[in-house]
Amino acid sequence: MSLFKHGEWTTDDWRFVADDEPLPAVGPKIVTLARLQGDDGEYLFHCGCPLGVRLESGEPVEALEPWLNRLSLVALGFPAFVDGRAFSAAAILRQRHGFAGEIRAVGNVLVDQHAFMLRVGFDAFEVAEGRALESWRTALLDVPFAYQYDDTASTPVQSIWQARRSGSLQAGELQAAE
Amino acid sequence: MYRYDEFDARFVADRAAQFRDQVRRRLDGTLSEEEFRPLRLMNGLYLQLHAYMLRIAIPYGVLGSQQLRQLAMIADRWDRGYGHFTTRQNIQFNWPKLADVPDILDALAAVEMHAIQTSGNCIRNVTTDQFAGVAADEVEDPRPYCELLRQWSSLHPEFSFLPRKFKIAVTGAPFDRAAVKVHDIGLRMHRNEAGEPGFEVIVGGGLGRTPMVGKTVRDFLPVAELVPYVTAIMRVYNRFGRRDNKYKARIKILVHEIGVDAFSELVEAEYRAGDHAAGIELAVGEVERIAAYFAPPAYEDLPERDPGHMARLFENRDFARWVRQSTAPHTVRGYSIANISLKPIGGIPGDASSAQMRAVADLADRHSFGEIRVAHEQNLVLPNVPKRDLFALWEGLVEADLGTPNLGLVSDIIACPGMDYCSLATARSIPVAQAISRRFADLALQSDVGDLRINISGCINACGHHHVAHLGILGLEKRGVESYQITLGGSGDENAALGQLLGPGFAADEIVDAVEAVVRVYLADRRGPEERFLDFFRRVGIKHFKEAVYVPV
């Protein structure tokens, strides 16, 4: 796995701990929703190290509510690229809950969805090896505009509706890009 | 009509350039067909039975004459000299070469058109009343809201990987020409007691294998709240719509399985949970900006009855017949809405040659402020014709073989491409449509039969909308041979109803006789010409037809 974050390939400090594995004593870890909801749920926060949870695409994001302000990361699973449920989960975390931690795309993560993922609030991407890693840096610039309005999105992609309103994107800038 | 500003133009041009690169990578082998498939589908490119098919969006069915000429050019240069207008107000080209598609998309972008989201599990082209903005019975012009939805849904980051495709239709008139009750979301504009415009929001209609009439989830949604409210519906669908079975993945199944009340509560809860103030303010500003493009053209002050036109009506029976059948009341005095039938007797429903496209473009420039509409019945419309000009328009149409006065009659058939083109089809549709059309070629007979709509689908996916036809035909395959079922009594208007099955299917060489038998029953037993087929059917029921059509051996 390679981790793409903030426009760069980076090392991953996080460790995903499957349900049948013992919890490591130290270091940032990602657990399943089942583990978080289980008997040792509260215990997970006691070591004082950052905790993340991995939500599969059928699991409701609302289930995280009791823990959200203490979670540093939410990983959202894409079982297949056509399964778009995690897009809504990310949007709900950012827009409704104001979640400020990392939202990580895991599973079947394709470069063609990179711009969409960024715009709903994902900021880290676990990409399988051999998946044209170089194209991740450039694909975003293919269509650097979007219509939809979202005051929580922070991406290089500009909202056309907002730009029209504010006049913030000037004709000169458009020509320069051509 | 709407015109692109610099942002719209850049958006579409960038998208075309992106696809050019993807096609290049497919052609040089970097991308496999499996990897390329989702990318081409997001740009309207299908792989059909014999060739690629490119479906081009005609947003809410509005076309400028320059755009129609460009479609004619594309047909000549990169296809086989014709195009096919679809039931979703789009146009399809059936024979493009993959290597040419990037050039076609550039040619489209040059006239402010694209093929974005004409396929795939995303929000498809928004459709509306083909008479929008000019219909005498209109309450509110739906076009600015259609354009708002077009922009909002284009490459939507959250809703581009839905459980299944998603179709939205809007009507601004009480007489529903947009079939809003058989769409995933149907929006009917009306006014509340205070006179403010809003939408009745209807969800979960659709045809296909499991036809359903949509249910109302909001009686009155203020127009300003359209985008955030539709967003809430889409989010509920994206999260909870079924993904385990593609035949149960449309929103109608979700609404049906959990019930409209539970569905509505999910949507309202989702809507209440968000803060929409800033989004609403932005969308309201956008609608205002967009609406300016739909300001009425420079209409002349004309008399209601043009003396020259009246004289022509009196002198020329063929012209009078065409006017009676093809024109509709316009909101401005002295003007008419003129329908152009793409259903010549024995022809292929919805097909137009490049020469016909150019002829219509020229006629639109001369007589209709350069504007054309595409109707979901696979016909064209010139929305702004002075009555004074109707005779000249008719002569031009006749010359282009576009003057068939059969609009709304039994030979004005909607048909899917069927097994002649489509890889899903189980039977042929086009030859059946052609044969029925020839059987009822006599215009006097058609006039006598009156308002009887026939729709034909070549498989259970129902692209030919047979469920909502007065007389629907569904082509199936039984033990290797085509078998055609007849349904009766369907309707796609404001009183939407699904057709009822007449009985066992008919072979390909029997179906036309069976259709004629149904029509003969109606002609023989109706109270008079004023009792329309649908009214007759509702009075006598399916059993009456059954007994007459299936004669005991």
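**Figure 1. Close-up of the salt bridge between D103(B) and R20(B) in the predicted model.** With a relative accessibility of 32%, D103(B) counts as partly exposed, and this residue belongs to a model that is predicted. The partner of D103(B) is R20(B), and the closest N and O atoms of this salt bridge are 2.8 Å apart. Because R20(B) lies in helix α1 of chain B and D103(B) in helix α4 (residues 101–109) of chain B, the pair ties together parts that are 83 residues apart in sequence. R20(B) is likewise described as partly exposed, its relative accessible area being 34%.

**Figure 2. Close-up of the salt bridge between E158(B) and R235(B).** The side chains of E158(B) and R235(B) meet in a salt bridge, with 2.8 Å from N to O. E158(B) is found in the loop between α5 and β7 (168–171) of chain B, whereas R235(B) sits in helix α6 of chain B, so the contact links parts that are 77 residues apart in sequence. Are these two residues buried or exposed? E158(B) is buried, with a relative accessible area of 3%, and R235(B), at 4% relative accessibility, also counts as buried.

**Figure 3. Close-up of a salt bridge between two loops of chain A.** R96(A) forms a salt bridge with E62(A), and the closest N and O atoms of the pair are 4.0 Å apart. R96(A) lies in the loop between α3 and β7 (102–107) of chain A, and E62(A) in the loop between β5 (51–55) and β6 (73–78) of chain A, so that parts separated by 34 residues in sequence are tied together. R96(A) is partly exposed, with a relative accessible area of 26%, and E62(A) is partly exposed as well, with a relative accessible area of 29%. In general, side chains of opposite charge can pair when their charged atoms come close. A search of the whole structure finds 60 salt bridges over all chains.

**Figure 4. Close-up of the interface between chain B and chain A.** The contact takes 43 residues from chain B and 39 residues from chain A. About 3600 Å² is buried between the two chains, and carbon and sulfur atoms give 61% of this area. Which three residues supply more than any other three of the area that chain B buries against chain A? They are F7(B), R10(B) and F161(B), which together supply 22% of that area. Seven salt bridges are found across the interface, and 17 residue pairs, both residues at pLDDT 80 or more, are in polar contact between the chains. Several helices of chain B each supply at least two residues of the side that touches chain A, among them α1 (6–27), α2 (33–41) and α9 (277–293). The helix that gives the most to this side is α1(B), with nine residues. By class, the residues of chain B on this side divide into 17 nonpolar, 10 polar and 16 charged.

**Figure 5. Close-up of the salt bridge between E286(B) and R164(A).** The side chains of E286(B) and R164(A) meet in a salt bridge, at 3.1 Å from N to O.

**Figure 6. Close-up of the contact between the two domains of chain A.** Chain A is divided into domain 1, covering residues 2–136, and domain 2, covering residues 143–178. Four residues of domain 1 are in contact with eight residues of domain 2, and the two domains bury about 510 Å² between them, 59% of it on carbon and sulfur atoms. Q95(A), L118(A) and R119(A) supply 84% of the area that domain 1 buries against domain 2, more than any other three residues.

Figure 7. In helix α11 (residues 317–326) of chain B, the residues F319(B), A320(B), R321(B), W322(B), V323(B) and S326(B) are buried. What covers these residues includes α10 (307–315), β11 (327–329), β12 (335–340), α13 (390–399) and α15 (443–449) of chain B. At the start of α11(B), a side-chain oxygen of N316(B) reaches to within 3.0 Å of the backbone nitrogen of D318(B).

Notes
Residues numbered from 1 in each chain as written. Chains lettered and ligands numbered in written order. Predicted model: local features only at pLDDT ≥ 70, side-chain atom pairs only at ≥ 80, totals over all residues. Heavy atoms only, no water. Domains from an automatic or database assignment. Contact = heavy atoms within 4.5 Å. Buried area = accessible area lost by both parts, 1.4 Å probe. Polar contact = N/O pair within 3.5 Å; in protein donor to acceptor, adjacent residues only side chain to side chain. Helix = DSSP H or I, 4+ residues; strand = E, 2+ residues; numbered from the N terminus. Nonpolar A, V, L, I, M, F, W, Y, C, P; charged D, E, K, R; others polar. Buried < 20%, exposed > 50% of the residue type's maximum accessible area, 1.4 Å probe, protein only.
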